[in-house]
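Reader: I would like to go through this model and ask what stands behind each label. Please set the value against the cut-off each time.

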Amino acid sequence: MKLPKSHSYLTVSGYSESELHIQKSRFIAYINRVDTEVEAQSFVQEISKMHREANHNCYAYVVRENGNLQRSSDDGEPAGTAGRPILEVIRNRELTDTVIVVTRYFGGIKLGAGGLIRAYSASAATGLDQNPTLEWILHRYLTITVDYHVMGKVEHELRQSGYEMESTRFTDTVSFPLWIPVGEEQPLLDQIAEQTSGMAHVDKGKQEYRPRYS
């Protein structure tokens, strides 16, 4: 089932770093997952402070906040040769909530505008190649409550579904809390209703984005 774009997004799994040497210059790519522009800017400042002796700390980020906000900086490199190429790598991979800082230590050989664009693009791409991508999907929290005499059938059905289940709760009835992608609820609920002759009680709770691990 193909989810609407508003129901899913791609981002990096977390922090990583990688390094390339191009024409004697060092290009170090730092990548992280962030939720807000404030977090992205804080990460940029952290890397820039750590490499205050570097010639350049160029960056780009995209965050879902405020409708996929995008920012980039050349940090002293010729306009359009660093931040924009990094940003394009993020955009081409359809990533969001992602920040990349590429630190450059100049090695004495000028690369020219084209060479800089290729170098910063390669550094960002190499870093992303080493940072697993995660798909985050909009889920709804459901609690399915049934009587004890049908709990076995219902539990088997839920575990076969592969959806993320939390700990079963036992009182005078049995409750199965789980997270299910928005839009996939009804087929499962129809199956549960059939197995319980319509006696299952379903509470529909909050929605939130949760990662899907491959």
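Author: The model is a predicted one. A place to begin is a helix pair: P85, I86 and V89 in α3 meet I117, Y120, S121, A124, A125 and L128 in α4. These contact residues divide into eight nonpolar, one polar and no charged.

Reader: What makes these residues count as meeting?

Author: Contact means heavy atoms within 4.5 Å, and the listed residues of α3 and α4 are in contact on that basis.

Reader: How do you describe the way two packed helices lie against each other?

Author: By the angle between their axes and the distance between the axes. Here α3 (residues 83-92) and α4 (residues 112-129) have axes that come within 8 Å and cross at roughly 35 degrees. The crossing of α3 past α4 is right-handed.

Reader: What is the make-up of the protein chain in helices and strands?

Author: The protein chain has six helices and 11 strands.

Reader: Why is the chain called more spread out than a compact globule?

Author: The globule rule gives 17 Å for 214 residues, whereas the radius of gyration is 24 Å, well over that value, so the protein chain is more spread out than a compact globule. Along its principal axes, the C-alpha trace spans about 75 × 30 × 25 Å.

Reader: Why is I100 called buried?

Author: Buried means under 20% relative accessible area. I100 has 0%, so it counts as buried. I100 is found in strand β6 (residues 98-105). Beyond its neighbours within four places in sequence, I100 contacts Y30, I31, C58, Y59, A60, I86, I90, A124 and L128. Among these, I86 belongs to α3, and A124 and L128 belong to α4.

Reader: Why does T168 count as buried?

Author: The cut-off for buried is under 20%. T168 has 19% relative accessibility, so it counts as buried. T168 lies in the loop between β8 (164-165) and β9 (169-170). Leaving aside neighbours within four places in sequence, its contacts are R159, V174, S175, F176 and P177.

Reader: What makes E17 partly exposed?

Author: Buried is under 20%, exposed is over 50%, and partly exposed is in between. E17 has a relative accessible area of 46%, and therefore is partly exposed. E17 is in strand β2 (residues 16-22). E17 and T126, 109 residues apart in sequence, are 9.5 Å apart in space, C-alpha to C-alpha.

Reader: How do you know whether E94 is buried or exposed?

Author: Exposed means over 50%. E94 has 52% relative accessibility, so it counts as exposed. Its place is in the loop between α3 and β6. Phi of E94 is near 60 degrees, a positive value in a residue other than glycine.

Reader: And D97, buried or exposed?

Author: D97 is at 0% relative accessibility, so it counts as buried. D97 also lies in the loop between α3 and β6. D97 is not a glycine, yet its phi is positive, at about 50 degrees.

How values were computed. Residues are numbered from 1 along each chain as its sequence is written. This is a predicted model: local features need pLDDT of at least 70, side-chain atom pairs count only at pLDDT 80 or more; totals for chains, interfaces and linings use all residues. Side-chain values use heavy atoms; hydrogens and water are left out. Axes are lines fitted to C-alpha atoms, for helices over the stretch in contact, and angles run from 0 to 180 degrees between N-to-C directions. Helices (H or I, at least four residues) and strands (E, at least two) are DSSP runs, numbered from the N terminus. A crossing is left-handed if the near helix is turned anticlockwise from the far one by less than a right angle, and right-handed if clockwise. Ala, Val, Leu, Ile, Met, Phe, Trp, Tyr, Cys and Pro count as nonpolar, Asp, Glu, Lys and Arg as charged, and the others, Gly among them, as polar. The radius of gyration is taken over C-alpha atoms; the globule rule is 2.2 Å times the number of residues to the power 0.38. Buried means under 20% relative accessible area, exposed over 50%, partly exposed in between (1.4 Å probe, protein chains only).
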